[in-house]
Every structure is written in structure tokens, then in C-alpha cells.
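Before reading on, please take a moment to look at the sequence and the fold side by side. The paragraphs below go from a single residue to its surroundings, and from there to the sheets and helices.

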Amino acid sequence: MRLRRWQNACIDSSLKQYLNGQSHFLVLATPGSGKTLMASVLSNHLLKNDLADLIFCFSPSSIVSMDFAECLQLRSNERFDGLIGSKGRAYTYQHLQYLDGAFWELFEKYRVFVIFDEIHHCAGSTVDNANSWGEHIILNIQNKARFTMALTGTPWRSDTAPIVFASYASPDGEISCDYVYGLYEAILDGVCRVPQIIAVDNNHISVIENNETAVFESFDDLLSNSQIAYQDVIENDDVIKHIITSASKKLDFIRLENSNAAGLIVASSIEQANRISTLVKKWLQEEAVVATYKESDPTAIIQRFRHSESKWIISVGMISEGTNIPRLQVCCYLSNIKTEMYFRQTLGRILRVTDTINQEAILYMPAEPKLLEYAYRVRHDVPVEADVVKFETMQSLLVGDETNSQNKTISLKEPSIDLAGKEIKLNGFIENTDSLFDEDFLSTSYDQVMNIFGRFKQETIGIGIGLGLD
């Protein structure tokens, strides 16, 4: 596979700094640009030129870890299964706490090159302010590995905590990177697609409280001037129906040229993911694949979807970052996570350019103020004149009876104390929402999602290269 211009330049730059005595190299490259391939080719160069003996890679999820192991093996023609005779292994960050003393001794006996994918998950400039993953890196890898390379597509943490290798962080909290390849450059080079973000809004929202009705002109107006929460919006049947129906029409159009193009629906909870799956079947007469940590083997589910012809996959945090499914071109953002890091990482899932005819990339989302702010910032990263952010009103969608399709409104009964057990009235339909609110810890924040042990079923296997261990 021929390397892209930026990949060659990044490899050359890192090698120059390594040979000049710098052991760490930090790369910011926009999601979808090919960081895995670049790091794998660099790894092969270090091995073949006798600059490193072993390669280890750490990443946030098991499917990304599998992708790294496969790419490392293909580029070097070496094994990366952690067994005797292999040149290393790819792990998840969750594995760090289970690696024993025999593993860490490898850093004393061999020249080890370590790749950290999406390094922003590992917080800490010292052990005192580090999270669990950051602490293991500071204690066992920093200053002990021969070379390290950290990769990120979003160079900040939502909690503003310092990132591991904090000497590379500037005073304002942003990372000072050794190599930068942004979305602007990636679009110019034809590496990433030009994104289109569709913000869905409603211009007549009625909130009913004590038999009194308040009318709001937008989701922004509703969320700013009532007790209604954003969770209510993304749990609303009409909102869900509009977004996935519009997205389905666009996906069907793309599939006229790209027959295996697919769509991703990012849900806010496992319960919502399963419910959306039921609604997709009801409204679109289609089956949707569901991938959450509660499935028996979510990694296998995602792998099968990657190589299938299935149209839709619904996920809660499993396909937000680093996961490579190039045929994804449409995304429905129905997550309650409203951080720019998570938003951009999710958008990155549909930006990877392929060799197919149609290269559209469309993300649908509610017109929530924070998400709109992030969308407009993405617009500033696009180097061409394009309507990156567009608005779509729910009035344009036919909901339920055709005779009842004019002047659609969303009516929400506002609670006087809390939101539990409220009724959401949508165009004459009443739905009890007791079961809609899932306090699943996975939906509370992106960093919690990525740090929870048990989200992936991992098999902890100690590596025994040169030590006679299995």
C-alpha cells in the first residue's frame, strides 16, 4: 500500500528526532487520515534497521487493538501475538493494570518502541494527578522505553486534565505536537471527505404544565427556557424518527452508487440502542446491528458488520473513536455526550475516503447549542466553499397520518419536580417514558465510557518474548 504524503513526512520527522536523541514523538492527525498505517510502517523501519527489538501498542478498545496487530503484522511480516518469537503485541489500555513484572522487565532487557493510540485518554503529568492508565505509563514506560509515539485525533481532554507526557502540554492546556495533520490538509489531499452536518430543529414546541401551554421556537429556546432536558429531546420518538428516516433516505441514495455504504446510529444508552433497533425495524422495515458492551462479543459483531452488506449499526461508545469501518458514510448523533472530543471523533467515523464513487459524509443531529458550536468549528476546518452546516425542520417530515402532517409540533408535559414518569405528547400520541431514562454509567461521560473495566471482555495474556513464558 502506497503511503500518503503526510505519512511519509511524519515518519521522516519522527526518525530524525529519534536519531537526534528525542525518545518521544506526538502526532496529531485528524480522524480517518491513516495513523495506524503510518505507525505500523514506522515500526517496521525501526525493526528492520536494528533500532528497536520489540513493538507494543496500546489503544482504547479491543477492535482498534486488533486492527493495529493486523496492520503491524502485514507491514513487517512478523507476528504480533505476544508469544515466543513474535515482535510484540497490541493491547488495550485496560490491560495495563494486569501486566506483571515479567512484562515490564522487557523494557530493561530490550529496546522497546511503544505506540499510544488516542493518548488523550491517559491523564497525568505526575503520578499524583494521573488516572489509572496514565499512572501505569508514567511508572513503567515513560523514560524506560527506547522510543514512544503518541497518536491523537483530538488533542485535549474534556476535563482539561494534563495528558501523559505533560512536558508536551502548553500552559493553556493544549498539546504542543511534533507533527500536525489537520482536517484542512486532509481534505485538500483527498484523504478525508468534506463533512456535511444536518442540524434538525423544530419551530413549534409546546410544553404543557398545569394545563398551561408554553410554546418554544427551537430546541435552543426550549432547553434554555424550560426544565426540559436534552435527554428528553433525544429520547423523543418524533425526533428519532425524523433523524433516522432522513438519514435512511440519504443512505439509500448513496447506496445507488456505493452498494455497501452504511450508517451509524450513536445512542445515549444501551436501553435506547435496543429501542432504536426496534424502531428502525418498525419504521424502515430494516434490521439494525446493535453493538454494546453487554453483547457477548461486541468486537466480533463490529468486525462482521465491517465486512458485510448490512446498512445500519447502532452503538453506545463502541464505534466513536479509532474504529475503522470505511463504508460508513451516514451518522445519526443521538448521544447525550456533548463534548467536542466525542463529537469530532464520532464525525471522524464517516470521513475516511475510499475508492467508491460517492464520497458524501453526512451527520444528522438535533440542533442543540453546544453541538452547533462544534459543527461550526468543523466548518472553519474545511478548506473549500461548502455548506457544511445545514438546518432541517421537523415540519418537512411526514409523521404518522398524512392528513395530520401540517404544522407538526412536539408537545412535552413539563414536570414540576423531576422528569421521571412524564408524558411526551407528539402529534396526538401519548408515550410513558419511565423506561426511557437509563442511568447507565456508560452514558455519563466519554472518559468514563473508555475507562470502565468490563466494557470489553479481555483475555489477559502475559507476553513472554525471550523469557520462555506463554
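Does Ile138 count as buried or exposed, and at what relative accessibility? At 16% relative accessibility, Ile138 counts as buried, where buried means under 20% relative accessible area, exposed means over 50%, and partly exposed lies in between, with a 1.4 Å probe and protein chains only. Before going further, note that this is a predicted model, in which local features need pLDDT of at least 70 and side-chain atom pairs count only at pLDDT 80 or more, while totals for chains, interfaces and linings use all residues. Residues are numbered from 1 along each chain as its sequence is written, and side-chain values use heavy atoms, with hydrogens and water left out.

Ile138 is found in helix α5; helices (H or I, at least four residues) and strands (E, at least two) are DSSP runs, numbered from the N terminus. Leaving aside its neighbours within four places in sequence, Ile138 is in contact, meaning heavy atoms within 4.5 Å, with Gly124, Ser125, Thr126, Val127 and Ala130.

The phi of Asn143 is near 70°, a positive value in a residue other than glycine, and with 76% relative accessibility Asn143 counts as exposed. Asn77, in the loop between α3 (62-76) and β3 (88-92), also has a positive phi without being glycine, here near 60°, and Asn77 is exposed with a relative accessible area of 72%.

We can now turn to the sheets. Strands of a sheet pair through backbone hydrogen bonds, either parallel or antiparallel. Six strands form an open sheet with parallel pairing, in the order β3-β2-β4-β5-β1-β6, and two strands are taken to pair if DSSP finds at least two bridges between them. Because β3 and β6 stand at the edges, each with a single partner strand, one side of each is left without a neighbour in the sheet. On average, neighbouring strands of this sheet are turned by 15° against each other, direction ignored. Helix α2 (residues 35-48) packs on the sheet and touches β1, β2 (54-59), β4 (112-117) and β5, its direction making about 170° with that of β5; such axes are lines fitted to C-alpha atoms, for helices over the stretch in contact, and angles run from 0 to 180 degrees between N-to-C directions.

Within this sheet, strand β1 deserves a careful look. Five bridges join β1 to β5, which run parallel, and Leu26 stands opposite Ala150 in β5. β1 also pairs in the parallel sense with strand β6 (residues 179-181), over three bridges, and there Val27 stands opposite Tyr179. In a regular strand the side chains alternate between the two faces of the sheet. In β1 both faces are covered, with His24, Leu26 and Leu28 buried on one side and Phe25, Val27 and Ala29 buried on the other. Six of the six residues of strand β1 (residues 24-29) are buried, so β1 is largely enclosed by the rest of the structure.

Another open sheet has seven strands, paired in parallel in the order β11-β12-β10-β13-β14-β7-β15. Here β11 (288-291) and β15 (389-393) stand at the edges with a single partner strand each, so one side of each is left without a neighbour in the sheet. β11 and strand β12 (residues 312-315) pair in the parallel sense over four bridges, with Ala288 opposite Trp312 in β12. Strand β13 (residues 328-333) and strand β14 (residues 361-366) pair in the parallel sense over three bridges, and Cys332 stands opposite Tyr364 in β14.

Finally, consider helix α13 (residues 369-380), which has 12 residues and reaches 17 Å from its first C-alpha to its last, close to the 16 Å expected at 1.5 Å a residue, the expected span being 1.5 Å times one less than the number of residues. The buried residues of α13 are Leu371, Leu372, Tyr374, Ala375 and Val378. Seen down the axis of α13, these buried residues fall within an arc of 160°, so they line one face of the helix; the arc is that of the directions from the helix axis to the C-beta atoms.
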